[in-house]
Amino acid sequence: MSTVNLFTDGEPIRDTKAPEGPVEQRWDKRRFGGKLVNPANRRKLSVIVVGTGLAGGSAAATLGELGYHVKSFCYQDSPRRAHSIAAQGGINAAKNYRNDGDSIQRLFYDTVKGGDYRSRESNVYRLAQVSVEIIDQCVAQGVPFAREYGGLLDTRSFGGVQVSRTFYARGQTGQQLLLGAYQALERQVAAGTVEMFTRHEMLELIIVDGAARGIVARDMVTGEIETHTADAVVLASGGYGNVFFLSTNAKGCNVTATWRAHRKGALFANPCYTQIHPTCIPQSGDHQSKLTLMSESLRNDGRVWVPVAKGDKRDPREIPEDERDYYLERIYPSFGNLVPRDIASRAAKNVCDEGRGVGPGGLGVYLDFADAIQRLGRKAVADKYGNLFEMYERITGEDPFEVPMRIYPAVHYTMGGLWVDYDLQSTIPGLFVIGEANFSDHGANRLGASALMQGLADGYFVLPNTISDYLAKGPFPKVGDDHEAVVEARESVTGRIERLLSIDGDRTPDSFHRELGALMWEYCGMERTDEGLRKAIDRIRELREEFWTRVKVPGENEELNQALEKAGRIADFFELAELMCIDALHRTESCGGHFRAESQTPDGEALRDDEHFAYVAAWEYTGDAPVLHKENLEYENVKMVQRSYK
Amino acid sequence: MKLTLKIWRQKNADDPGRMVPYELDDVSPDMSFLEMLDVLNERLIVEGEDPVAFDHDCREGICGMCSLVIDGTPHGPQQATTTCQLHMRHFKDGDVITIEPWRAAAFPVIKDLVVDRSAFDRIIQAGGYVSAPTGSAPEAASIPVPQADAHAAFDAATCIGCGACVAACPNASAMLFTAAKITHLGLMPQGQPERYGRVTAMVAQMDAEGFGGCTNTGECTAVCPKGIPFETISRLNADLLKATRKAS
Ligand SMILES: Cc1cc2nc3c(=O)[nH]c(=O)nc-3n(C[C@H](O)[C@H](O)[C@H](O)COP(=O)(O)OP(=O)(O)OC[C@H]3O[C@@H](n4cnc5c(N)ncnc54)[C@H](O)[C@@H]3O)c2cc1C
Ligand code: FES
C-alpha cells in the first residue's frame with residue numbers, strides 16, 4: 001500500500017492582490033488601484049474564454065461590451081447548453097427585500113460559516129457585495145424571476161439559511177439566468193466583438209514566456225486540431241464532479257481544461273472538497289448513466305424520514321407516524337430538514353448504513369409532502385414544485401402527490417478548483433479562472449443558491465474589472481502559429497490522440513470511467529479514511545495503467561468521434577482522482593464536504609482541526625509526487641466556531 | 001425486454017445514409033432511452049464497430065441537446081418529454097423502434113443522429129435579447145412586472161431550443177422557437193423598447209436560414225417537450241403586423 005512520498009511540502013503561497021484594510025472597502029480599493037485599459041486600445045486586445053456557462057457566458061458578453069476582442073469556446077453545439085442550464089433552485093442576493101434581517105454582512109457571514117471556515121474572507125465579502133448588482137442586471141435582461149401578486153420580486157429561503165434571500169424562476173433558475181447571459185453573448189456575436197466556437201474542446205494551454213497566451217482546441221466535427229492565441233486566457237469550464245462517473249452533472253462535464261492548465265503550472269486547490277447533494281433520485285440499476293437532482297428547495301416543505309425499524313419493507317403510506325423516524329428534525333431540532341447539505345447527506349448515509357434505507361438496495365430515504373399538501377393544498381404545492389414532481393415521476397414512474405419521494409445523496413458540485421488570487425488570476429500570469437472551475441468562494445462546503453451567484457459575480461462584475469489590470473500591460477508581442485511553444489502544444493495534443501486511437505484494446509472508455517467512479521465514491525465520497533484512501537490511490541494507479549494498455553477507441557480523429565472525446569476526458573480524470581485522494585489523505589480533519597472518519601466528535605459530527613488545517617491546500621504538478629503549497633486563512637471579521645445546527 | 005432498433009447511420013454530411021437494424025436483449029424498463037443506446041454503443045465498440053453518434057448532455061430534459069425522431073415522432077411517444085427523459089417502461093418486449101435524426105434543410109446532418117442547429121443561435125443573434133450592457137441596470141425592484149405577465153413570459157421562456165418543433169413541422173418552420181422568444185421578451189416591460197425591431201429581424205433571419213413558413217398545422221406544440229403554447233405564434237404574428245405597419 002502507498003505509504004511514503006505521496007507528496008512533498010513546498011513554500012507557502014499568498015494572495016497578494018486583495019488590498020489591506022477593512023473588508024468592506026477592499027473591492028472599491030482594488031478597482032481603484034487596478035490599471036485601466038483605454039477604450040480605444042481594448043479592441044487591440046484579445047481574450048479567450050473557455051466555457052459559456054453562467055461564468056464564461058457572462059464574462060465573454062461583458063468583455064465584448066467593453067470592446068475587447070473575445071473568442072468564446074464550448075463543447076456543446078450552442079453556448080446556451082452549458083451545464084449551468086440545469087440549476088434549479090435559485091440564486092442568493094443580499095437585497096433584504098423581505099426586511100428579515102438580511103444584509104451584505106449576513107450573506108458574507110453565512111457563506112464563510114457554511115463553507116466551514118475554509119474560504120477567503122476578502123473574496124466572500126466581495127461576492128456578497130456584488131450579489132445585489134447581479135439581480136439588477138438579470139432583471140434588466142428580462143429574466144422572468146418569480147413575482148409576488150404586486151409584481152415585485154419573490155424570494156424564498158434555501159438550503160440552510162434563516163433569511164429569505166433566494167431569487168428564483170420556478171424550478172428553472174439556472175436556465176433563465178443562463179439564457180439571459182446567452183442572449184447577451186449572442187448580442188455581442190452579432191456586434192462582432194465575440195467570435196463563437198461551438199463544438200470545440202480545449203485540449204491544451206499555450207504558455208509563452210511564462211504567460212498564458214492561447215489554447216489548443218479540437219474541432220469536434222472535423223477533428224481538426226486548431227491553435228488560438230490571445231493576450232489572456234479565461235477558463236470557465238465548470239466543475240469536475242464527473243470524476244465519480246455518476247453525478248448530477250451533465251455527461252460532458254470534465255476537468256480537461258483546468259487539468260491541462262494544472263499540468264502547465266497552475267496550482268490546483270482543495271481538490272478533495274466535493275459536495276454531495278442530499279436530494280437526488282436514487283440509482284435504479286447498473287445501466288445508470290447519471291443521477292438527477294431534485295432541488296433542495298423541496299426540503300422547505302418536504303419532511304425527510306425512514307422507518308424506525310430496520311428492513312421495514314411496507315408501503316410508506318402504511319407506516320404509522322410513531323414508526324417513522326424524522327431523523328433530521330430529531331437530531332437537529334433548530335434547523336430540522338433545512339440543515340446544510342453536507343450534514344443532510346451524511347445523516348442519510350448513516351440511516352442507510354444502519355439498514356433503515358428504503359427502495360432498491362436500501363439506498364434511499366423518504367422526502368414526504370403529505371403534511372405540506374394538507375397544510376397548503378395540492379395547488380399551492382403544485383405551483384411551487386410542479387415541474388420537479390413531474391421530473392421525478394418521469395424518471396421513477398411514481399407520483400410524489402401519492403407516494404413519498406425517495407432520495408439519496410449524489411455528487412453535485414466541486415468546491416476545489418484552480419487556485420486564484422483576489423483578481424481571479426491563477427499562478428500562471430494571464431490565466432484567469434472563474435465560476436465552478438476556480439476554488440475561491442465556497443471553502444469546504446457550498447451553500448445552496450450560491451454557485452449561480454458566484455458564477456455571475458465572477459463573469460459580469462469581478463473578472464471584467466480585474467483583468468484590465470493585467471491587460472493594461474499589453475498588447476503583448478504577437479504569437480504566431482509557428483512559435484515553438486504553439487507547435488509543441490499542438491504536437492502534444494496530436495500525439496496523445498494518436499496514442500489513444502492506437503491502443504486498440506478490449507475495454508470501452510466508459511467501462512473504465514464507471515470503475516474509476518465507483519472507486520472514488522467508495523473511498524473518496526461521503527466518508528474517507530486513511531486506509532481507504534491509500535487503497536484507492538493504489539487502485540487508481542493500476543487502473544490508469546490498464547486504461548493506457550486496454551482501452552479501445554474506435555474510428556479516427558478526422559470525424560465526429562464521441563468515444564475519442566470521452567477517452568481524452570477520462571485520461572485526465574485518472575490523474576485528478578489521484579490528486580483528490582492525496583489531498584483527502586493529507587487533510588486528517590473533517591470539514592465541510594470532507595468527512596474523515598478519524599476526526600469526529602463523540603456524537604458523530606464532523607470535527608474540524610483549525611490549529612493544523614486552517615489553510616487552502618494548493619497543489620503543484622510535478623509529474624511525480626505533487627508539491628503542497630499552503631495558503632493560510634486568517635479570519636478578522638468572522639470568529640471561527642465549530643458549526644452546530646442542533 | 002428484447003428490442004429491434006432501426007437506426008439511421010450516416011458517416012458524414014456527404015454520405016447518403018441508410019437505416020441499419022440492431023438487435024438488443026436485456027433492456028430494463030428502468031433505463032432511459034439514451035441509456036439503452038449507451039448499452040448498444042458499448043457493445044458496438046467492443047465488437048470493433050463505429051458506435052452510433054447522438055447528441056446529449058444534461059440528460060435531465062433542460063439543455064436541449066438531445067434530439068432523435070423515435071418511431072416518427074420527435075422525442076418519441078411520451079408527451080412533454082425529451083428523449084433523455086423518456087424511459088423504456090413506455091416500450092414493450094419485441095418492439096421494433098426506428099430512430100432517425102431531426103430532418104430539416106436548415107438542420108443538416110453531421111453524423112448519424114447528430115445535426116447542426118446553429119441556425120437557432122443566429123436567429124437569437126438577430127434580436128432575441130434585451131440590450132442591457134453589464135452595469136447599466138436600474139435597481140431590480142424599480143421594474144414591477146404583473147404576476148400574470150411574469151408567468152406567461154416564463155412559460156414561453158422555458159423553450160430549450162432543441163428543435164423538435166422544426167423536426168415535426170411539415171414545412172420545417174422555426175416559428176414556435178422564434179415566437180417563444182418574441183413572447184417572452186414581448187411580455188416583459190424590459191423587452192418593450194426593442195419589441196418591433198426584434199420581431200422583424202428575427203423573422204427575417206428565420207427565413208434566411210431556410211426554415212419553411214408556418215401554415216398553422218400545430219404539429220410543433222404537440223411535440224414540444226416544454227409545451228410552449230401555440231398562442232405564442234399568434235403573438236408573433238400580431239407583433240409582426242404592427243411592426244410592418246409602423247415601418248410603412
Ligand atoms: C443539477 C444541478 C442543479 C444546480 N442547482 C443550483 C442552484 O439552484 N443554485 C446554485 O447556485 N447552483 C446550482 N448548481 C451549481 C451550478 O449550477 C454550477 O456550479 C454552475 O452553474 C457552474 O457554472 P460555470 O459557468 O462555472 O460552469 P458550467 O455551466 O458547467 O459551464 C462550463 C462550460 O465550459 C465548457 N467546457 C468545459 N470543458 C471544456 C473544454 N475542455 N473545452 C471547451 N469548453 C469546455 C462547457 O461547454 C460549458 O460551456 C446546480 C448544479 C447542478 C448539477
Ligand atoms: S440531454 Fe439535455 S435535454 Fe436531453
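The following legends describe close-up views of a predicted model.

**View 1. Domain organisation of chain A.** The domain assignment divides chain A into three parts. Domain 1 is made up of residues 10–273 and 415–471, domain 2 covers 277–411, and domain 3 covers 484–612. The centres of domain 2 of chain A and domain 3 of chain A, taken over C-alpha atoms, are separated by 30 Å.

**View 2. The interface of domain 2 and domain 3 within chain A.** Here 13 residues of domain 2 of chain A are in contact with nine residues of domain 3 of chain A. About 850 Å² is buried between these two domains, with 53% of that area on carbon and sulfur atoms. On the side of domain 2, A:Asp342, A:Arg346 and A:Lys349 lose the most area to domain 3 of chain A, and together they account for 51% of what that side buries. No salt bridge is counted between domain 2 of chain A and domain 3 of chain A, whereas four residue pairs are found in polar contact across this interface, both residues of each pair being at pLDDT 80 or more. Helix H9 (341–353) and strand E17 (405–414) of chain A are the elements that give two or more residues to the side of domain 2 that touches domain 3 of chain A. The residues of that side comprise five nonpolar, four polar and four charged.

**View 3. The interface of chain A and chain B.** Each chain brings 76 residues to the contact of chain A and chain B. The two chains bury about 6,100 Å² between them, 52% of it on carbon and sulfur atoms. In chain A, the residues that lose the most area to chain B are A:Arg81, A:His287 and A:Arg394, which together make up 12% of what that side buries. Across this interface there are seven salt bridges and 48 residue pairs in polar contact, with both residues at pLDDT 80 or more. Several helices of chain A give two or more residues to the side that touches chain B, among them H3 (54–66), H5 (121–140), H11 (378–396) and H16 (562–586). The largest share of that side, nine residues, comes from H6(A). By residue class, the side of chain A that touches chain B holds 31 nonpolar, 25 polar and 20 charged residues.

**View 4. Salt bridges between and within chains.** Over all chains, a search of the whole structure finds 77 salt bridges. Side chains of opposite charge can pair when their charged atoms come close. One salt bridge joins the side chains of A:Glu559 and B:Lys11, with an N to O distance of 3.1 Å. Within chain A, the side chains of A:Glu636 and A:Arg26 meet in a salt bridge at 3.3 Å, N to O. A:Glu636 lies in the segment after strand E21 (627–632) of chain A and A:Arg26 lies in helix H1 (residues 26–33) of chain A, so this pair ties together parts that are 610 residues apart in sequence.

**View 5. Surroundings of ligand 1.** Ligand 1 lies between chains A and B. It is surrounded by 39 residues, of which the closest are A:Gln76, A:Ser84, A:Gly89, A:Met202 and A:Glu436. An oxygen atom of ligand 1 is 3.0 Å from a polar backbone atom of A:Ala55, and an oxygen atom of the ligand is 2.8 Å from a polar backbone atom of A:Leu452. The side chain of A:Asn254 places an N or O atom 3.2 Å from a nitrogen atom of ligand 1.

**View 6. The two domains of chain B.** Chain B is divided into domain 1 (3–110) and domain 2 (117–131 + 144–247), and their C-alpha centres lie 28 Å apart. In the contact of these domains, 20 residues of domain 1 of chain B meet 20 residues of domain 2 of chain B. The domains bury about 1,400 Å² between them, 64% of it on carbon and sulfur atoms. B:Pro74, B:Ala106 and B:Phe107 supply 35% of the area that domain 1 of chain B buries against domain 2 of chain B, more than any other three residues. One salt bridge is counted between the two domains. The side chains of B:Arg117 and B:Asp55 meet in a salt bridge at 3.6 Å, N to O. Four residue pairs are in polar contact across the interface of domain 1 and domain 2 of chain B, with both residues at pLDDT 80 or more. The side of domain 1 of chain B that touches domain 2 of chain B is made up of 10 nonpolar, eight polar and two charged residues.

Methods. Residues numbered from 1 in each chain as written. Chains lettered and ligands numbered in written order. Predicted model: local features only at pLDDT ≥ 70, side-chain atom pairs only at ≥ 80, totals over all residues. Heavy atoms only, no water. Domains from an automatic or database assignment. Contact = heavy atoms within 4.5 Å. Buried area = accessible area lost by both parts, 1.4 Å probe. Salt bridge = Lys/Arg side-chain N within 4 Å of Asp/Glu carboxyl O. Polar contact = N/O pair within 3.5 Å; in protein donor to acceptor, adjacent residues only side chain to side chain. Helix = DSSP H or I, 4+ residues; strand = E, 2+ residues; numbered from the N terminus. Nonpolar A, V, L, I, M, F, W, Y, C, P; charged D, E, K, R; others polar. Near = heavy atom within 4 Å.
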